[in-house]
Amino acid sequence: RGAWLHPDASCLDLALRRGGLPRSFRGAVDTGLLARDLEDPDPTLQWKR
């Protein structure tokens, strides 16, 4: 199981409001590091697709 998320903070906000991540992973999800990375992206890193 998994979940797709666009590299955009608004997409994460929507997923959190709708409860999509905990539902996809069937449990609690800590999104602290993900939210931090989306708010302050490092231009030297690229998302793996």
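Predicted model: local features only at pLDDT ≥ 70, side-chain atom pairs only at ≥ 80, totals over all residues.
Over the protein chain the average pLDDT is 80, and 80% of the residues score at least 70. Local features need pLDDT of at least 70 and side-chain atom pairs count only at pLDDT 80 or more, while totals for chains, interfaces and linings use all residues. Residues are numbered from 1 along each chain as its sequence is written, and side-chain values use heavy atoms, with hydrogens and water left out.

**Fold and surface**
- The protein chain has three helices and zero strands, in the sequence pattern α-α-α; helices (H or I, at least four residues) and strands (E, at least two) are DSSP runs, numbered from the N terminus.
- Of the 49 residues in the protein chain, 18% are buried (buried means under 20% relative accessible area, exposed over 50%, partly exposed in between, with a 1.4 Å probe and protein chains only).

**Negative patch**
- A surface patch of negative charge gathers Asp8, Asp13, Glu39 and Asp40.
- Patches are made of residues with over 30% relative accessible area and no salt bridge, with like charges joined within 9 Å and nonpolar side chains (Val, Leu, Ile, Met, Phe, Trp, Tyr) within 5 Å; a salt bridge is a side-chain nitrogen of Lys or Arg within 4 Å of a carboxyl oxygen of Asp or Glu.
- Lys and Arg count as positive and Asp and Glu as negative, with His and the chain ends not counted; the place of a charge is NZ of Lys, CZ of Arg, CG of Asp or CD of Glu.
- Asp13 is located in helix α1 (residues 9-18) and counts as partly exposed because its relative accessibility is 42%.

- Arg26 is not a glycine, yet has a positive phi of about 55 degrees.
- Most residues other than glycine have a negative phi.
- Arg26 is placed in the loop between α2 and α3 and, at 65% relative accessibility, counts as exposed.
- Gly2, in the segment before α1, has 45% relative accessibility and therefore counts as partly exposed.
- Gly2 and Arg26 are 24 residues apart along the chain, with 9.8 Å between their C-alpha atoms.

**Arg23 and Ala3**
- Arg23 belongs to helix α2 and counts as exposed because its relative accessibility is 55%.
- The C-alpha atoms of Arg23 and Ala3 are separated by 9.4 Å, the two residues being 20 residues apart along the chain.

Definitions and conventions:
Areas by Shrake-Rupley, 256 points an atom, 1.4 Å probe, with all protein chains shown as cover. pLDDT = per-residue confidence, 0-100.
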